[in-house]
Structures are given as C-alpha cells and as structure tokens.
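Hi,

Here is the structure I promised to pass on. Have a look at it first, and my notes follow below.

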Amino acid sequence: MSLPLSASRLVRYATCPRAYAWKYRYHYPEPGGGGRRQRLGILLHATLGRFWQDWLGRRGDRSLGHLERLWRQGGGELEKPEQTSGWHALESYYLQEVRRPEPPRPFASEGRLRHSLVLDRVDVQFESRYDLLLWGEPDRRGVAGIDLVEFKTARQVRSLSQLEADLQLSCYILGIGAQYGQALRTVSHYYLLSGEKLTFAVQPHHQRYALEKAQRLVANLLDGGDWEPKPGSHCRRCGYRSQCDLSNPRQLPPESAGYARPEQPLVLTLF
Ligand code: SF4
C-alpha cells in the first residue's frame, strides 16, 4: 500500500489541510462538490480521443470530414442544439489547432502518467491524466519538449490560481519524465465551447514544487496530522464551508461514524 497523490490532492492540502482531511482522509461527502459531467462534454472528449488515436495509429484520415464522422457516430444521441454546438466546437478546434501551416505532431492521446517515489520512507504514488501530448517546437539546442493539452468543456474560461498551475505543471513534469523520459515544455487548457486557450510554461521552480508539497503532507500524516483549517478567500469555493466551524478545533468526523473510512495506513519502506 502507498499514499496516492495527484495535483488536485496536493492543491487541496496546500490550500487547507482541514478540507484535505475531510475529503481524502475521512471520505466525508463534499456537499456540492464535483457534479455530474455533461453528456456533451463526455462525447466531445470521446470524439477527440478517437480522432487523435486514429492519427497516431497512422490510419491516414486526419481530415475535418473524419472528425465530423466520428462526432456523428457518438453525438447522434444528443438533442439537436447540443449536436450543433458540439460540432461547432470541434470544427473551431480543428481550424484553430489542427489545420495549421505546421501540422501538430501528436505523441500520445488520453492516458495516465504514473510514477512513484519514496519520500520520508513512504512510498508515494503520483498519478495525473492527460488528454493529448504533442511534440513542441525544438529549443535552441534542437531538443523538442512535450506540450500537454487538456480539453475543457466548461462554458466559462477559468484562470487557474498560481498554486494550482504550479502544482499541476510540477506533477506533469515528474510523470512525463518518469514515464517517457521526455521534458515538458507547456501545459495548455483548451476550452472547446469558447475556443479559448490558456497556456502555462514550465519554469525552473516547477521541477521540485510538487515534491516539496508532498513531503509536507507525508510529514503531517506521519505525525498523526493536526489538519488545521486554513481560512481564506478559497473558503467561498469549499464544499465543506457549511460544516466548517473555525471555533471548534475537534470537528473532524469521529472514526466510528458511518461515513468515516479513514485513508489507508501509510506503509513505511525500510532500508
Ligand atoms: S471552509 Fe475554509 S477553512 Fe473551512 S475547511 Fe473549507 S477551506 Fe478550510
């Protein structure tokens, strides 16, 4: 057994250890958290996944017509307005990102990056998902890095906080380095329904950023964890705010409660 980690877990812990403990240590239901993915979003992701897998499989057809055929195969179960807006989103994406003077060079589509390492004698397993990996432009030494793309289907473009962006980049750097032996250059969020794109460039400090946060979390877990609440502007988006009584330091759910399913115990790796 080990401690599973992802960028979203690390963001939660770095933002507020109390919220982390409720969600990941005690699996306490988060009111209003998550939410169901829209059918349109699922089908857009599935269509683009098929399109890029076909491209990588060298089946030859990389045309807009092929993308439309794939959309019709899955999108037919949607209502007419969703079918139309879904196709417009895919067509705009194709014209903006695929039909370019220099065609994109895909490296991998729809996958998970996994790697593990030992921190403070605890086996920590990082996992990140990606939608698309592309070869980036070669640098001055002629070495090409990887550009990672995530497809978003939210209607509004949400700019990531610096913390989220830094941790996400850091986790992707570790995963791509461990799994493919490649260097990450950028991470882009492409908002399909608006056609907007946010791109984050890798900076030198990202290399160790997630490791530092993970080390702090592991130390907290090994100490027994005090899971102090850390109030701030992020509380507005926290699903636990209605239960969060900052005057009561012992408000974590008791382990005997029905909903309490404490995180798996940490396993120490002995040398
Ligand atoms: S409301 Fe704020 S302080 Fe309370 S758990 Fe959520 S993020 Fe932490």
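To start you off: which helix is the place of A165? A165 sits in helix α6, residues 162-180 (helices are DSSP runs of H or I, at least four residues, numbered from the N terminus).

Two bits of housekeeping. Residues are numbered from 1 along each chain as its sequence is written. This is a predicted model, where local features need pLDDT of at least 70, side-chain atom pairs count only at pLDDT 80 or more, and totals for chains, interfaces and linings use all residues.

Back to A165: is this residue buried or exposed? A165 counts as buried because it has 20 C-beta neighbours inside 10 Å (buried takes 20 or more other C-beta atoms within 10 Å, with C-beta atoms placed from the backbone). Leaving aside neighbours within four places in sequence, A165 is in contact with L160 and F200 (contact means C-beta atoms, placed from the backbone, within 7 Å). The C-alpha atoms of A165 and A7 are 9.2 Å apart, though 158 residues separate the two along the chain.

A7 turns up again with C171: leaving aside neighbours within four places in sequence, the contacts of C171 are S6, A7, F126, S128 and A210.

C171 is also among the residues touching the most other members of the largest nonpolar core, which has 55 residues (such a core is a set of buried Ala, Val, Leu, Ile, Met, Phe, Trp, Tyr and Cys residues joined through C-beta atoms within 7 Å). Helix α6 gives the most to this core, with 8 residues.

Technical notes
Helix = DSSP H or I, 4+ residues; strand = E, 2+ residues; numbered from the N terminus. Buried ≥ 20, exposed ≤ 12 C-beta atoms within 10 Å, placed from the backbone. Contact = placed C-beta atoms within 7 Å.
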